[in-house]
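Have a look at the model first.

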Amino acid sequence: MTVQPEIQTRSAALYERAKQVLPGGVSRNTVLRLPHPIYVSHAKGCRVVDVEGITRIDLADNMASLIHGHAHPVVTQAVIAQLQRGSAFSLGTEVEVTYAEHLSSRNKGFEKLRFVNSGTEAVMAALKAARAYTGRAKIAKVEGAYHGGYDYAEVSQTSTPANWGRDDNPASVPVAYGTPVKALEDVVVIPFNNPDRARAILDRHSSELACVLVDLMPHRVGLNRANPDFVEMLREWTHAHEALLVFDEVITFRSQYGGAQEWYDVEPDITALGKIIGGGFPVGALAGSSEIMEVMNPLASNVRFPHSGTFSANPVTMSAGLAAMRLFDRDAVHRVNELATRARFGIEEVISKVGAKACVTGDGSMLRLHMKSELPTNYRQAFSSLGENRRLGFMLDHLFDSGFIMINTGAFTVSTAITENEIDALIEAVEIGFRRLAAA
Ligand SMILES: Cc1ncc(COP(=O)(O)O)c(C=O)c1O
């Protein structure tokens with residue numbers, strides 16, 4: 001007879017059931033925790049209560065997608081009102097138009113928009129729109145940058161020292177086994193924030209590229225802002241070679257009222273959006289000039305990129321997104337950014353007080369703690385050694401046990417539900433974590 005280890009908690013028991021029906025017991029890897037994921041009972045504002053009744057402060061916000069925390073009353077009311085009228089139709093709804101008008105008013109480059117259901121889909125559609133517009137197949141992207149699960153967009157997202165190739169010629173490394181070689185060949189990988197090296201690589205493909213895809217503060221690349229000279233080089237290069245410049249603002253849109261692109265004197269051709277613009281519901285969007293977005297116009301005599309999606313612009317997501325983004329006005333953007341600055345200064349002070357081998361990157365309302373003394377400036381520098389991963393794991397477990405939910409890379413986000421109190425409590429918990437780490 002096999003002896004089952006005693007199942008002590010509701011989460012442990014739920015995970016036993018989950019493993020029977022879901023690979024690894026999860027539907028997305030980010031939920032996985034050892035020895036088992038924690039299951040949620042309910043949440044309100046910045047506080048999440050698990051099925052054991054333990055409350056924690058949420059600084060992960062469903063992977064940076066909940067700008068007002070959980071169950072904001074205005075968003076909840078908007079969704080309930082829409083649900084009572086129906087959740088999805090084979091006809092249009094007014095809220096889709098109103099929401100497109102709202103997003104368009106936030107950024108003058110968003111002349112036309114298309115809604116989709118995820119950030120992955122938004123990036124995929126942006127790349128396909130760029131291909132349709134230019135008639136070219138290849139795309140360029142930054143090494144290590146995460147853009148979702150489209151074959152092309154995910155190339156070199158998980159490169160390692162064993163396979164990433166030379167600094168001046170990063171290899172196109174697949175994420176999933178079986179990725180078509182042709183897909184790898186059609187992705188040109190450039191280093192982040194190194195305009196000279198990136199230009200030299202792009203030059204080798206100058207007549208073949210449909211677009212350059214770039215996240216202005218790529219999380220996995222280290223969560224640093226792109227330098228203006230890097231972004232300006234990409235804009236000049238794409239103009240000069242009749243390729244498009246695509247910004248992935250799926251995460252960074254939260255950084256400024258009209259997106260992180262407000263940090264620069266550069267306009268992209270297409271912007272991919274997602275996360276917070278869904279108000280807590282699955283969403284994505286792509287936005288750009290009328291001329292470029294025309295490739296998706298089904299009324300055009302030559303429709304270059306036919307596009308549809310069963311749940312695209314469903315009125316539940318549209319209602320939630322519109323309510324959430326109306327609340328996320330300029331003052332709200334300013335406030336979450338200020339709170340993140342407070343967190344950054346506080347944690348940096350702790351690092352120097354304790355003498356910890358760590359640093360903080362990030363901007364806007366998202367930060368990342370690295371277990372490195374030197375600020376990493378690109379993917380290769382941000383790549384964690386085994387020892388750094390162990391120390392980060394120790395810190396994240398300590399923070400979780402102290403009541404803080406972080407993103408598992410050491411990143412965290414500030415929602416409008418957070419106040420100075422939660423930030424100061426976090427800083428204190430980080431200090432205790434570093435002291436324990438030093439003693440361990
Ligand atoms: C920058 C960026 N692009 C795209 C995506 C994919 O978005 P989704 O998970 O909604 O497909 C993500 C998700 O984390 C992201 O961070």
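What follows covers the ligand, its contacts and the cysteines.

This is a predicted model, so local features need pLDDT of at least 70 and side-chain atom pairs count only at pLDDT 80 or more, while totals for chains, interfaces and linings use all residues. Residues are numbered from 1 along each chain as its sequence is written, and side-chain values use heavy atoms, with hydrogens and water left out.

**Around the ligand**
- The residues surrounding the ligand (a heavy atom within 4 Å) are S118, G119, T120, Y146, H147, G148, D215, D248, V250, I251 and K275.
- By class, that shell has three nonpolar, five polar and three charged residues, with Gly counted as polar and Tyr as nonpolar.

**Polar contacts (N or O pairs within 3.5 Å)**
- The side chains of T120 and K275 each put an N or O atom 2.7 Å from a ligand oxygen.
- D248 has a polar side-chain atom 2.7 Å from a ligand nitrogen.
- Protein covers 81% of the 390 Å² of accessible area (Shrake-Rupley, 1.4 Å probe) that the ligand has on its own.

**Cysteines**
- No disulfides (cysteine sulfurs within 2.5 Å) turn up anywhere in the structure.

How values were computed. A polar contact is a pair of N or O atoms within 3.5 Å; within protein, one must be able to donate a hydrogen and the other to accept it, and residues adjacent in sequence count only if both atoms are side-chain atoms.
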